[in-house]
Amino acid sequence: MIHIPSLIDDAKCFETVRLLRWPEGVSCPHCDSFDITKQGRDDTQPERQRYLCQTCERRFDDLTDTIFAGHHQPLRVWILCLYFMGLNLSNHQIAQELDLNKDDVQQMTGQLRQGIVRKKPAPT
């Protein structure tokens with residue numbers, strides 16, 4: 001049996017988040033400044049870049065102020081969950097594919113849906 005989460009590369013997931021979040025280059029989520037310096041990598045997730053804003057002097061990382069921040073599931077699991085949602089799989093099917101508890105998947109899909117609705121542009 002193929003373990004799907006092992007097929008997804010953590011580095012690619014973080015790179016994709018960076019490209020989608022900051023297409024013009026990294027900016028501070030607190031003050032929108034582009035005067036940023038890299039501050040190493042996260043201890044538990046080496047693909048996760050840390051930053052320091054030179055303007056407001058606040059620290060942040062790739063996931064700060066995103067729906068992916070502050071959760072125990074790795075980013076690749078969130079990305080796979082979002083992918084399976086796009087395939088219209090049920091929460092039960094997603095839980096089976098990712099070998100997760102169905103209640104965890106229910107919470108994840110709910111947060112992803114809320115994040116998508118918040119990001120949706122207003123109609124013109």
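Modeller: What follows starts with the whole chain, goes on to the aromatic residues, and ends with a glutamine and the cysteines.

The model is predicted, so local features need pLDDT of at least 70 and side-chain atom pairs count only at pLDDT 80 or more, while totals for chains, interfaces and linings use all residues. Residues are numbered from 1 along each chain as its sequence is written, and side-chain values use heavy atoms, with hydrogens and water left out.

The protein chain has 4 helices and 3 strands; these are DSSP runs numbered from the N terminus, helices being H or I with at least four residues and strands E with at least two. From the N terminus the order is α-β-β-β-α-α-α. Along the principal axes, the C-alpha atoms fill a box of roughly 45 × 40 × 20 Å. Of the 124 residues in the protein chain, 33% are buried. Buried means under 20% relative accessible area, exposed means over 50%, and partly exposed is in between, with a 1.4 Å probe and protein chains only.

Now to the aromatic side chains. Rings of Phe, Tyr and Trp (its six-membered ring) pair if their centres lie within 6.5 Å; planes under 30 degrees apart count as stacked, over 60 as edge-to-face and the rest as tilted. By this rule there are 5 aromatic pairs. In one of them, the ring centres of Trp22 and Tyr51 are 5.7 Å apart and the planes stand at 80°, so this pair is edge-to-face. Trp22 sits in the loop between α1 (10-21) and β1 (36-41), and Tyr51 sits in strand β2 (residues 49-53), so the pair ties together parts 29 residues apart in sequence. Trp22 is buried, at 9% relative accessible area, and Tyr51 is buried at 3%.

Trp22 also pairs with Phe60: their ring centres are 6.2 Å apart and their planes are at 65°, so this pair too is edge-to-face. Phe60 belongs to strand β3 (residues 59-61), while Trp22 is in the loop between α1 and β1, so the pair ties together parts that are 38 residues apart in sequence. Phe60 is buried, as is Trp22. Trp22, Tyr51 and Phe60 form one aromatic cluster.

Phe60 leads on to Gln49, because contact means heavy atoms within 4.5 Å and Phe60 is among the residues that Gln49 touches. Leaving aside residues up to four places away in sequence, the others touched by Gln49 include Arg18, Lys38 and Asp61. Gln49 is in strand β2 and counts as buried, at 4% relative accessibility. A polar atom of the Gln49 side chain lies 2.8 Å from the backbone oxygen of Gly40.

The cysteines come last. A disulfide is a covalent bond between the sulfur atoms of two cysteines. Here the term is applied to cysteine sulfur atoms within 2.5 Å, and a search of the whole structure finds 0 disulfides. For Cys53, the closest cysteine sulfur is that of Cys31, at 3.5 Å, which is too far for a bond. Cys53 is buried, with a relative accessible area of 0%. Cys81 is in no disulfide either, and the nearest cysteine sulfur, in Cys13, is 13 Å away. Cys81 is buried, with a relative accessible area of 0%.

Key. A polar contact is a pair of N or O atoms within 3.5 Å; within protein, one must be able to donate a hydrogen and the other to accept it, and residues adjacent in sequence count only if both atoms are side-chain atoms.
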